[in-house]
Structure formats: structure tokens, C-alpha cells
There are 2 protein chains.
Amino acid sequence: MKRRAPTKPTQTGVLSLRIDLPQGRIGPGKIRLLEAIDSEGSISAAGRALGMSYRRAWELVDAANRLVGEAVVLTSPGGKHGGGARLTDAGRALIADFRLIERDAQHAVQSQLAALVRRTGPRSA
Amino acid sequence: MKRRAPTKPTQTGVLSLRIDLPQGRIGPGKIRLLEAIDSEGSISAAGRALGMSYRRAWELVDAANRLVGEAVVLTSPGGKHGGGARLTDAGRALIADFRLIERDAQHAVQSQLAALVRRTGPRSA
């Protein structure tokens with residue numbers, strides 16, 4: 001839906017979360033990469049889409065695998081940087097869990113964020 | 001209180017939040033610095049306590065000032081890097097707001113975090 005509110009369309013506070021688990025940290029970087037792998041169909045294309053080196057993308061996938069305790073991405077051979085990749089069920093579950101936690105946390109503190117926005121910012125605004 | 005739980009004392013997920021406001025982002029880095037300024041009484045000592053350069057500490061204070069729209073720290077003269085510093089009411093309010101939002105968000109998703117911890121991690125654990 002195209003809708004441009006005439007006044008203060010972005011005057012809300014938006015949370016971004018990192019979750020520290022006993023075995024590591026998961027945050028927007030790894031989650032966005034997994035989402036990009038899902039849409040792009042390869043780790044290299046996902047990395048490119050996010051302006052990330054292939055090496056960095058692999059490191060994040062590897063970290064996500066270790067965090068979850070099983071593979072979150074399955075790759076198929078295809079030469080150097082050329083193979084396809086897709087998410088496993090565990091990878092999809094991780095994304096879904098993270099996005100739900102993010103949404104619920106945002107919702108829980110929405111009124112506090114709105115109050116913080118009202119109290120801060122340029123006094124001339 | 002010294003207490004070492006025998007089993008899984010840290011087996012919970014802990015959130016850390018960044019809040020994107022229209023005028024900038026506030027996260028644990030700036031908040032911890034302001035808390036350190038409050039306890040240390042100077043920007044340089046606070047930076048040192050956090051392993052941060054004086055320049056970096058000043059940049060974060062400056063960013064926090066702009067974010068809030070007024071000074072969050074008052075400094076008194078004292079020579080190069082030597083002046084004292086204390087929080088303003090606005091600075092204290094920012095810390096209190098952030099920590100409360102963090103606590104409420106954590107509480108809101110506590111059971112989801114616990115479920116995520118149970119589903120992830122080394123399979124041998």
C-alpha cells in the first residue's frame with residue numbers, strides 16, 4: 001500500500017535486537033544474510049546483495065550453523081563461489097523465531113519508544 | 001552474592017537492544033559510557049574504564065547530546081583530558097528510559113528466548 005503520511009512518517013523508535021545465547025550471538029546481520037540466501041539461492045549472491053564479501057558471508061553462515069547446532073544452509077557443488085544454497089528447516093525456524101521475538105519485543109515497548117521519541121530530538125523540530 | 005548454580009546457570013537468551021530514533025541510534029555502547037561517566041566522574045576515566053579512546057568517548061557523548069537534543073553531560077574545565085564531567089537530568093533520563101525499555105522487552109519475550117535456547121546449541125550438551 002502506497003501511503004505517505006504528511007507529517008512525521010518515521011517519528012517512531014524502531015528496535016533492533018541482538019540475542020545472546022549461551023553458545024553465541026544472533027542478530028540482524030546473520031538473519032538478513034539467511035533471508036538473502038533464501039531469496040538469492042546462493043551464498044555468494046546473498047553476500048553481494050548485502051555488500052558483504054564471500055568470505056564474510058561464509059563466516060556468518062558458519063557461525064549460524066554452530067549457533068543452531070545443525071546446518072542452517074545446504075549448499076550444492078558448482079565450482080568456486082558458484083554453487084547453489086538453500087535454507088534448511090532449522091534455518092527457516094531460526095529466521096522465524098528471530099523475527100517473531102523482534103516483533104513481540106517491539107510491540108511490548110511501543111508506547112515507551114513513542115514517548116522517548118517525543119522527549120528527544122532537535123528542539124526546533 | 002556468590003552463587004554458582006551447578007547446572008546451566010547462563011542457559012537463557014539475553015537481549016541487547018539498539019533503538020533507531022528519527023535523529024539517530026542509541027544502543028548499549030552510548031548507555032554504558034554514560035553510566036561510566038556517572039560513576040567515574042570524568043569522560044576520560046569513563047573511556048578508560050571501557051577500553052575506549054578519549055576521542056571515541058567524546059564522539060559518543062556528542063552523538064548522545066545530538067540524539068537527545070540537549071546536553072546529556074556537563075563538563076567542567078580542568079586542562080587537557082582532566083576536567084570533571086557529570087550527567088544532566090536529560091542524561092539520567094536517557095539511561096533510565098533505555099534500561100527500562102530493555103528490561104520490558106526482555107521480559108516480554110522471555111519464554112520465546114528460553115524456547116530458542118532449548119532448541120539450539122550443541123546437540124551433545
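**Exercise 1.** State where B:Lys30 is placed, and whether B:Lys30 is buried or exposed.

*Solution.* B:Lys30 sits in helix α1 (residues 28-40) of chain B, where a helix is a DSSP run of H or I with at least four residues, numbered from the N terminus. The model is predicted, so local features need pLDDT of at least 70 and side-chain atom pairs pLDDT 80 or more, while totals for chains, interfaces and linings use all residues. Residues are numbered from 1 along each chain as written, chains are lettered from A in the order written, and side-chain values use heavy atoms without hydrogens and water.

Next, B:Lys30 is buried (under 20% relative accessible area, 1.4 Å probe, protein chains only). B:Lys30 has no salt bridge (a side-chain nitrogen of Lys or Arg within 4 Å of a carboxyl oxygen of Asp or Glu). B:Asp20, the nearest side chain of opposite charge, is 8.4 Å away.

**Exercise 2.** Describe the contact between chain B and chain A.

*Solution.* Chain B and chain A give 36 residues each (contact: heavy atoms within 4.5 Å). Two salt bridges join the chains. A:Arg119 and B:Asp97 meet in a salt bridge at 2.2 Å, N to O. On the side of chain B that touches chain A, β1(B) gives the most, with eight residues.

Terms used:
Helices (H or I, at least four residues) and strands (E, at least two) are DSSP runs, numbered from the N terminus. Buried means under 20% relative accessible area, exposed over 50%, partly exposed in between (1.4 Å probe, protein chains only). Lys and Arg count as positive and Asp and Glu as negative; His and the chain ends are not counted.
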